[in-house]
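Hi there,

Here is the structure I promised to pass on to you. Have a look at it first, and my notes follow below.

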Amino acid sequence: MGDAPKITSPSGESESARVLRLRPHLLPLLRLRVWLGERFKPTELQTTLMWAGLVGFFGALSSLLFRELTTGVHYLLTHSSKALVDSFYAMPPWQRALTPMLGGALAGTTIFFGMRFARSKSTDYMEAIVLGEGNVPFRSSLVKSASALFTIATGGSIGREGPLVQLAAMVASLPGRFRKWPAPRRRLIVACGAAAGIASAYNAPIAGALFVAEIVLGSVAMESFGPLVFASVIATMTVRGSPMIGDNPLYRVPAFRLNASWEILPYAALGVVAGMAAPWFLRFLRLCETWFEKSRLPLTLRLALGGAMVGGLAILHPEVAGNGYSSINDILQSKWTWEVVLGIFACKVLATGATFGSGAVGGVFTPTLFTGCGLGYLIGCGFHALWPHSALMPSAFALVGMGAFLAATTHAPLMAMLMVFEITLDYAIILPLMLGCVIAYYLSIGIEPASIYSESLKRKGARLFDEQLSNLRVLDLMKTSPPVIPVTAEFNEIAQNFISHRFNYLYVVDADRHFLGVVSLHDIKPYLNEPEMADVIIAEDILREDFPTVTPNVPLAQALEYFAHHDGERLPVLEEGKHTLLGSVSKSDLILAIADRAKAESAPSPV
């Protein structure tokens, strides 16, 4: 090919000599890069899987930290290191009454002053995933979690899964914001954080993934479900490695078995009762919320009033304090008579309405489990009284009641089945559990189409999501500043770019940033063992000109057709008619956005 022109650098050293001096360090790295590029070609979805694992790990750490802080705040305010219900049992009546009220006042004060510090609109994880761009505000999430900390630590009848999921989702939103990912990918990673939060709260990885897939995303497509599962598994393994959680099931239950086929019929009857009762439970919670709003009290006083109501009920039954976890264990172990369970059940439902209605930050997942557990136990006692010599154990009805009531309130029967199975690890209960969950679900949606979660999203305008997706173009998913090289780039510069970036194609531009083609990682392989040839090669010599491109206003579905005939993960985006390189678009981002749109179009409109 002739002698290469000698270009002299300012130091007097020829460019060819400088390239030869650097090559002994550069070529081994480049050979490794080519070897990895040919054998391991991670797609965008595989990269998303890696981020899902990181999100699961750090989401679990935030869960463990919140648990520790809850214990510390409870000790600081009550001087008791016992579990919440045990601590309330040891309190005099006046302290039982005042502790939740104090917690409500502190929770309201935290929100009142904290939102001034936050300086942003409060957005929960569901809104960020379903309605927003996948951004969970950092400051407002910390404020809401701090408020929930006071409510939970002082016995408020609310679940800690709410702040656990919010914190995990907040952590998950950070990579997408800093790396400027497109909205569909940010939403998916935040969903992975939410799945990690649920999994770490209940030591239940399958249910954590299905909770987000069924309730939040409304889809179990593998593009989204795979990362959810990965994040949930990593989160569960992380919390199981801590002495606080361990690898034991959340609840211990007596052995269960069906002695005769007819014994499954009472569990079907339980599904009917749960399916009819769950909508009224939801309406009761909304009624409490409306009543507190009509009181027009400041938020701090509302939360203090709600806490005072819980405290008054705790004087009668200390078991109403907290999310109901310890009470569920006691019911499953049949430590109480049905009269005691009935009293605790009634007071707990009222306490949950008071806490939720007053506007306390937290979840209602565990209180819902308790409600189903108490309902199932009471019905089981009735059947056991009718057939005392059968194997109809009230504790088994309590388990099925948990799943059936959860399925009826969340409208996610698959998640409810697996949740109860995972938190008990009792496979024998699966047949009556499946039957009860399905019957309760179908009955409940006939009475109340809105679930406990869809109602809040409906208020925030879930219809907007479909409108946003229907107008998406390539421009909305485009990433600016892709790796580019000039057409005169020498082999040394090409090699350094391939080592610095994981992409298999470098975009080649001229001085005016007009797109000319690409240099492929595969195409530089022949020159790795021929240094004399590499000394004279420039980008123009190994340029691929016939490379597919898109323009900013191309619809997503049309852009996906371009990828059907292209093995790469990205396509260059060019200005219409001028061939100026504006950025690049990812295949995975297109798939996620189109999947979101299909989900929104197939979902029923909110009532």
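Is F58 buried, partly exposed or exposed? F58 is partly exposed, with a relative accessible area of 44%; here buried means under 20% relative accessible area, exposed over 50%, and partly exposed in between (1.4 Å probe, protein chains only).

A word on the background before I go on. This is a predicted model, in which local features need pLDDT of at least 70 and side-chain atom pairs count only at pLDDT 80 or more, while totals for chains, interfaces and linings use all residues. Residues are numbered from 1 along each chain as its sequence is written, and side-chain values use heavy atoms, with hydrogens and water left out.

Back to F58, which is found in helix α2 (residues 44-78). Helices are DSSP runs (H or I, at least four residues), numbered from the N terminus. Together with M50, L54, F57 and L61, F58 forms a nonpolar patch on the surface, with about 430 Å² of accessible area in total. Areas come from the Shrake-Rupley method with a 1.4 Å probe, where for residues only the protein chains shown count as cover.

Helix α16 (residues 394-410) gives another picture. 17 of its 17 residues are buried, so α16 is largely enclosed by the rest of the structure. After α16 comes H411, whose phi is positive, near 60 degrees.

Now to the aromatic rings. Rings of Phe, Tyr and Trp (its six-membered ring) pair if their centres lie within 6.5 Å; planes under 30 degrees apart count as stacked, over 60 as edge-to-face and the rest as tilted. By this rule there are 13 aromatic pairs. One of them is F281 with F405: the centres are 5.5 Å apart and the planes at 65 degrees, so the pair is edge-to-face. This pair links distant parts of the chain, since F281 is in helix α11 (residues 265-294) and F405 in helix α16, 124 residues apart. Both F281 and F405 are buried.

F383 and F397 form a stacked pair, 5.6 Å centre to centre with 20 degrees between the planes. F383 lies in helix α15 (residues 365-386) and F397 in helix α16, so the pair ties together parts that are 14 residues apart in sequence. F383 is buried at 17% relative accessible area, and F397 is buried at 0%.

Best wishes

Technical notes
Patches are made of residues with over 30% relative accessible area and no salt bridge: like charges are joined within 9 Å, nonpolar side chains (Val, Leu, Ile, Met, Phe, Trp, Tyr) within 5 Å. A salt bridge is a side-chain nitrogen of Lys or Arg within 4 Å of a carboxyl oxygen of Asp or Glu. Helices (H or I, at least four residues) and strands (E, at least two) are DSSP runs, numbered from the N terminus.
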